[in-house]
Amino acid sequence: MKSAAKTAFQYLIWIIVVLGLSFLLVTFVAQRTDVNGTSMVPTLEDGDQLIADKITYRFRDPQRFDIVIFPYKYAKKTYFIKRVIGLPGERVRIDDQGNIYINGQVLDEHYGLEQMTYPGLASQEITLGSDEYFVLGDNRNVSEDSRYPDVGNIRRSDIIGRAWLRIYPFGKFGSLTGK
């Protein structure tokens, strides 16, 4: 009988350790995220499942073209996935032809699915604060992003992590860094 109690206690300890490690992993290291919508097409598709890296930004700031995850401020448990375009302290403007200007220079980027037709808030130059980022979806004409008042500039503290790995669909499994 003593041996059965000891075995049960060992299993209980093992379960507590596994749950504790799982909690630490999900809270501080990585998080599974589903893509819901088409704002990041062609890079990400509706239904893709990702692993978000939550640790990298503890050691460095987000960089231009990183794909980041942040909460939507008007809906609980809703997260947006967008691409970083403007960095802290930069000036961002989008003209009527869909060209993106950073500090007065046209940004050389080819992530947009098509020519952007709505510059939104960025039709007037926006100066980002010392902890603010300007983000866009790759499918620019259907993306709700920093051009819209309800999203606006994203504060550094609101960024949960960067999209790091696509785990589903299996045929597209792989790293999202450098895309």
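These legends describe close-up views of a predicted model. Residues are numbered from 1 along each chain as its sequence is written, and side-chain values use heavy atoms, without hydrogens and water. Local features need pLDDT of at least 70, and side-chain atom pairs count only at pLDDT 80 or more, while totals for chains, interfaces and linings use all residues.

**View 1. Glu90 sits in a loop between two strands.** The loop joins β4 (79-86) and β5 (91-94). Strands are DSSP runs of E, at least two residues, numbered from the N terminus. Glu90 is buried, with a relative accessible area of 11%; buried means under 20% with a 1.4 Å probe, protein chains only.

**View 2. The Glu90 side chain meets Arg64 and Leu87.** Glu90 and Arg64 make a polar contact, side chain to side chain, at 2.7 Å. Such a contact is a pair of N or O atoms within 3.5 Å; within protein, one must be able to donate a hydrogen and the other to accept it, and residues adjacent in sequence count only if both atoms are side-chain atoms. A polar atom of the Glu90 side chain also lies 2.8 Å from the backbone nitrogen of Leu87.

**View 3. The largest pocket holds about 350 Å³ of space.** Of its 18 lining residues, Asp34, Asn36, Tyr79, Phe80 and Ile81 are the closest to its centre. A pocket is an open set of points on a 1 Å grid over the protein atoms alone, where a 1.4 Å probe fits, with protein on both sides within 12 Å along at least five of seven lines; lining residues have an atom within 4 Å of a point. The volume is the space filled by probe spheres set on the points, which are joined across faces, edges and corners. β4 gives the largest share of the lining, 4 residues.

Note on methods
Buried means under 20% relative accessible area, exposed over 50%, partly exposed in between (1.4 Å probe, protein chains only).
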